[in-house]
Amino acid sequence: MLVVTTDQIQGKIFEELGIVKGSTIQCKNIGRDIGSSFRNLVGGEMKAYVEMMNQAREIACERMVQEAINLGADAIVAMRLSTSSISAGAAEVIAYGTAVKFK
């Protein structure tokens with residue numbers, strides 16, 4: 001499945017099938033959170049959080065693509081990612097875009 005952030009795909013004409021999205025809510029591991037708290041005091045990258053957000057983005061994108069496949073789409077255009085904090089230690093990631101079928 002071709003997924004692009006642009007509104008057009010060079011050389012392709014398509015019809016829009018509709019908005020597709022995928023989301024997940026991830027929370028941090030309590031054991032890793034202790035190490036991240038120390039990192040917060042001394043500075044540096046919080047690797048447990050980076051892993052958590054990378055995994056969340058991947059899950060959200062996979063769910064979005066599956067929704068597009070279910071519609072019979074050939075591609076997704078204007079793909080975007082959005083994040084929000086749900087509670088202390090939990091974040092939601094949403095991937096969304098427009099499913100299209102090539103003519």
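Which residue in S4 is the bridge partner of Ser87? Ala90 is the bridge partner. That pair belongs to a predicted model. The sections below start with the overall layout and then move to single residues.

## Overall layout

The chain has 103 residues, and 31% of them count as buried. It holds 2 helices and 4 strands. Read from the N terminus, the elements follow the order β-β-α-α-β-β.

Take the contacts in the chain with a separation of 6 or more: 73% of them join residues 24 or more positions apart.

## The sheet

The 4 strands make an open sheet. Their order across the sheet is S1-S3-S4-S2, and the pairing is mixed. S1 (2-3) and S2 (14-27) stand at the edges. Each has a single partner strand, so one side of each is left without a neighbour in the sheet.

Strands of a sheet pair through backbone hydrogen bonds, in a parallel or an antiparallel sense. Both senses occur here. S1 pairs with S3 (residues 75-87) in the parallel sense, over 2 bridges. In this part of the sheet, Val3 stands opposite Ile76 in S3. S2 and S4 are antiparallel and pair over 13 bridges. Gly18 has Ala99 in S4 as its bridge partner.

## The hairpin

S3 and S4 also run antiparallel, joined by 10 bridges. These two strands form a hairpin, with 2 residues between them. Gly89 sits in the turn and has a positive phi of about 90°. Ser87 is bridged to Ala90 of S4.

## The helix across the sheet

Helix H2 covers residues 47-71. It lies across S1, S2, S3 and S4. Against S2, helix H2 runs at about 145°.

## Glu92, a buried charge

Glu92 is placed in strand S4, which spans residues 90-102. The residue is buried, yet it has no salt bridge. What is the nearest side chain of opposite charge, and how far away is it? It is Arg63, 8.8 Å away. A salt bridge needs the charged atoms within 4 Å.

## The cysteines

Is Cys27 buried or exposed? Cys27 is exposed, with a relative accessible area of 56%. Cys61 is partly exposed, at a relative accessible area of 21%. The count of disulfides comes to 0. A disulfide would need two cysteine sulfur atoms within 2.5 Å.

Cys27 lies in strand S2. Beyond its neighbours within four places in sequence, Cys27 is in contact with Met52, Gly89 and Ala90. Gly89 is the residue with positive phi in the hairpin turn. Ala90 is the bridge partner of Ser87. Cys27 and Ser87 themselves are 60 residues apart in sequence. In space, their C-alpha atoms are 9.0 Å apart.

Terms used:
Residues numbered from 1 in each chain as written. Predicted model: local features only at pLDDT ≥ 70, side-chain atom pairs only at ≥ 80, totals over all residues. Heavy atoms only, no water. Buried < 20%, exposed > 50% of the residue type's maximum accessible area, 1.4 Å probe, protein only. Lys, Arg positive; Asp, Glu negative; His and termini not counted. Pairing = 2+ DSSP bridges. Contact = heavy atoms within 4.5 Å. Axes fitted to C-alpha atoms, helices over the stretch in contact; angles between N-to-C directions.
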